[in-house]
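Dear colleague,

My notes on its salt bridges and strand pairing follow it.

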Amino acid sequence: MKLKLPALLTISTLLFAGCSSTDSRISIVQDSSVQGCPQSNIKEMVDNFVDRPKWSAFVAEDDNDYVELQGGITYDDQPVDMVLQYKVDTKNESWEFAYIGLNDISQNLFMYGALIEAMCDEVSK
(Lines give C-alpha, C1' and ligand atoms only; values in the text may rest on other atoms or scores of the structure.)
Protein backbone atom coordinates (compact mmCIF):
# COMPACT_ATOMS: atom_id res chain seq x y z
CA MET A 1 0.00 0.00 0.00
CA LYS A 2 1.36 3.39 -0.96
CA LEU A 3 0.43 6.34 1.28
CA LYS A 4 0.59 9.89 0.05
CA LEU A 5 2.51 12.55 1.99
CA PRO A 6 -0.63 14.29 3.42
CA ALA A 7 -1.87 10.96 4.75
CA LEU A 8 1.51 10.25 6.35
CA LEU A 9 1.58 13.70 7.95
CA THR A 10 -1.93 13.23 9.34
CA ILE A 11 -1.11 9.79 10.73
CA SER A 12 2.16 10.93 12.28
CA THR A 13 0.49 14.00 13.80
CA LEU A 14 -2.22 11.85 15.37
CA LEU A 15 0.34 9.40 16.72
CA PHE A 16 2.45 12.22 18.16
CA ALA A 17 -0.57 13.93 19.73
CA GLY A 18 -1.75 10.63 21.21
CA CYS A 19 1.65 9.96 22.76
CA SER A 20 2.26 13.44 24.09
CA SER A 21 -1.11 14.41 25.52
CA THR A 22 -1.82 13.90 29.19
CA ASP A 23 -5.19 12.70 30.42
CA SER A 24 -6.95 15.60 32.17
CA ARG A 25 -7.47 13.41 35.26
CA ILE A 26 -3.71 12.94 35.53
CA SER A 27 -3.17 16.68 35.11
CA ILE A 28 -5.56 17.42 37.98
CA VAL A 29 -3.31 15.41 40.31
CA GLN A 30 0.07 16.36 38.82
CA ASP A 31 -0.58 20.10 38.72
CA SER A 32 -1.80 20.40 42.31
CA SER A 33 0.21 20.77 45.49
CA VAL A 34 -0.20 19.20 48.91
CA GLN A 35 -0.57 20.92 52.25
CA GLY A 36 2.85 21.41 53.77
CA CYS A 37 4.61 21.60 50.39
CA PRO A 38 2.99 24.46 48.47
CA GLN A 39 6.23 25.40 46.68
CA SER A 40 6.06 22.34 44.39
CA ASN A 41 3.36 20.52 42.51
CA ILE A 42 2.94 16.77 42.79
CA LYS A 43 4.60 16.10 39.43
CA GLU A 44 7.76 17.95 40.55
CA MET A 45 7.77 16.01 43.82
CA VAL A 46 7.39 12.70 41.99
CA ASP A 47 10.01 13.50 39.37
CA ASN A 48 12.54 14.25 42.14
CA PHE A 49 11.79 11.16 44.22
CA VAL A 50 10.32 8.29 42.21
CA ASP A 51 12.34 6.14 39.83
CA ARG A 52 10.63 5.49 36.46
CA PRO A 53 7.27 7.08 37.37
CA LYS A 54 4.38 5.84 35.27
CA TRP A 55 1.04 7.66 35.41
CA SER A 56 -2.30 6.21 34.28
CA ALA A 57 -5.98 6.98 34.71
CA PHE A 58 -8.96 4.65 34.79
CA VAL A 59 -12.58 4.26 35.82
CA ALA A 60 -12.95 1.63 38.53
CA GLU A 61 -15.83 -0.77 39.22
CA ASP A 62 -17.29 1.86 41.60
CA ASP A 63 -17.69 4.17 38.53
CA ASN A 64 -15.22 6.68 39.98
CA ASP A 65 -12.20 8.09 38.18
CA TYR A 66 -8.77 7.23 39.56
CA VAL A 67 -5.21 8.23 38.79
CA GLU A 68 -2.49 5.71 39.51
CA LEU A 69 1.22 6.33 39.91
CA GLN A 70 3.65 3.42 39.77
CA GLY A 71 7.39 3.65 40.29
CA GLY A 72 10.37 2.72 42.39
CA ILE A 73 11.38 4.29 45.69
CA THR A 74 13.82 3.45 48.47
CA TYR A 75 12.26 2.42 51.76
CA ASP A 76 14.33 1.37 54.76
CA ASP A 77 17.43 1.40 52.49
CA GLN A 78 15.80 -1.13 50.14
CA PRO A 79 14.39 -0.59 46.65
CA VAL A 80 10.61 -1.15 46.56
CA ASP A 81 7.85 -0.89 43.99
CA MET A 82 5.30 1.76 44.93
CA VAL A 83 1.72 2.27 43.79
CA LEU A 84 -0.30 5.36 44.66
CA GLN A 85 -3.93 5.87 43.68
CA TYR A 86 -5.98 9.04 43.85
CA LYS A 87 -9.75 9.30 43.44
CA VAL A 88 -10.40 12.21 41.06
CA ASP A 89 -13.44 14.47 40.89
CA THR A 90 -13.30 15.89 37.36
CA LYS A 91 -16.20 18.32 37.89
CA ASN A 92 -14.45 20.08 40.79
CA GLU A 93 -10.95 19.33 39.50
CA SER A 94 -10.00 17.88 42.86
CA TRP A 95 -8.68 14.59 44.18
CA GLU A 96 -8.28 12.61 47.37
CA PHE A 97 -5.81 9.95 48.42
CA ALA A 98 -7.19 6.45 47.88
CA TYR A 99 -4.39 3.86 48.16
CA ILE A 100 -0.70 3.28 48.75
CA GLY A 101 1.05 -0.05 48.24
CA LEU A 102 4.70 -1.01 48.63
CA ASN A 103 5.78 -4.27 46.99
CA ASP A 104 2.10 -5.18 46.60
CA ILE A 105 1.42 -4.71 50.33
CA SER A 106 -1.25 -2.16 51.22
CA GLN A 107 -0.06 0.62 53.53
CA ASN A 108 -1.94 3.02 55.81
CA LEU A 109 -2.52 6.77 55.74
CA PHE A 110 0.42 7.33 58.10
CA MET A 111 2.77 5.77 55.52
CA TYR A 112 1.31 7.98 52.80
CA GLY A 113 1.94 11.05 54.96
CA ALA A 114 5.52 9.98 55.60
CA LEU A 115 6.07 9.45 51.88
CA ILE A 116 4.67 12.87 50.98
CA GLU A 117 6.86 14.49 53.66
CA ALA A 118 9.97 12.73 52.31
CA MET A 119 9.09 13.75 48.75
CA CYS A 120 8.65 17.37 49.84
CA ASP A 121 11.98 17.32 51.68
CA GLU A 122 13.74 15.96 48.59
CA VAL A 123 12.28 18.50 46.17
CA SER A 124 13.10 21.34 48.59
CA LYS A 125 16.85 20.54 48.59
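Asp 65 forms a salt bridge with Arg 25, with 2.9 Å between the closest N and O atoms (a salt bridge being a side-chain nitrogen of Lys or Arg within 4 Å of a carboxyl oxygen of Asp or Glu). This pair links distant parts of the chain, 40 residues apart: Asp 65 belongs to strand β2 (residues 65–75) and Arg 25 to helix α2 (residues 24–30). Helices (H or I, at least four residues) and strands (E, at least two) are DSSP runs, numbered from the N terminus.

The model is predicted: local features need pLDDT of at least 70, side-chain atom pairs count only at pLDDT 80 or more, and totals for chains, interfaces and linings use all residues. Residues are numbered from 1 along each chain as its sequence is written, and side-chain values use heavy atoms, with hydrogens and water left out.

Arg 25 also forms a salt bridge with Asp 23, the closest N and O atoms being 2.7 Å apart. Arg 25 is buried, at a relative accessible area of 15%, whereas Asp 23 is partly exposed at 30% (buried is under 20% relative accessible area, exposed over 50%, partly exposed in between; 1.4 Å probe, protein chains only). Asp 65 is buried as well.

Turning to the strands, β3 (residues 78–89) and β4 (residues 94–102) pair in the antiparallel sense over eight bridges; pairing requires at least two bridges found by DSSP. Met 82 stands opposite Leu 102 in β4, and the bridge partner of Leu 102 in β5 is Ile 105.

Yours sincerely
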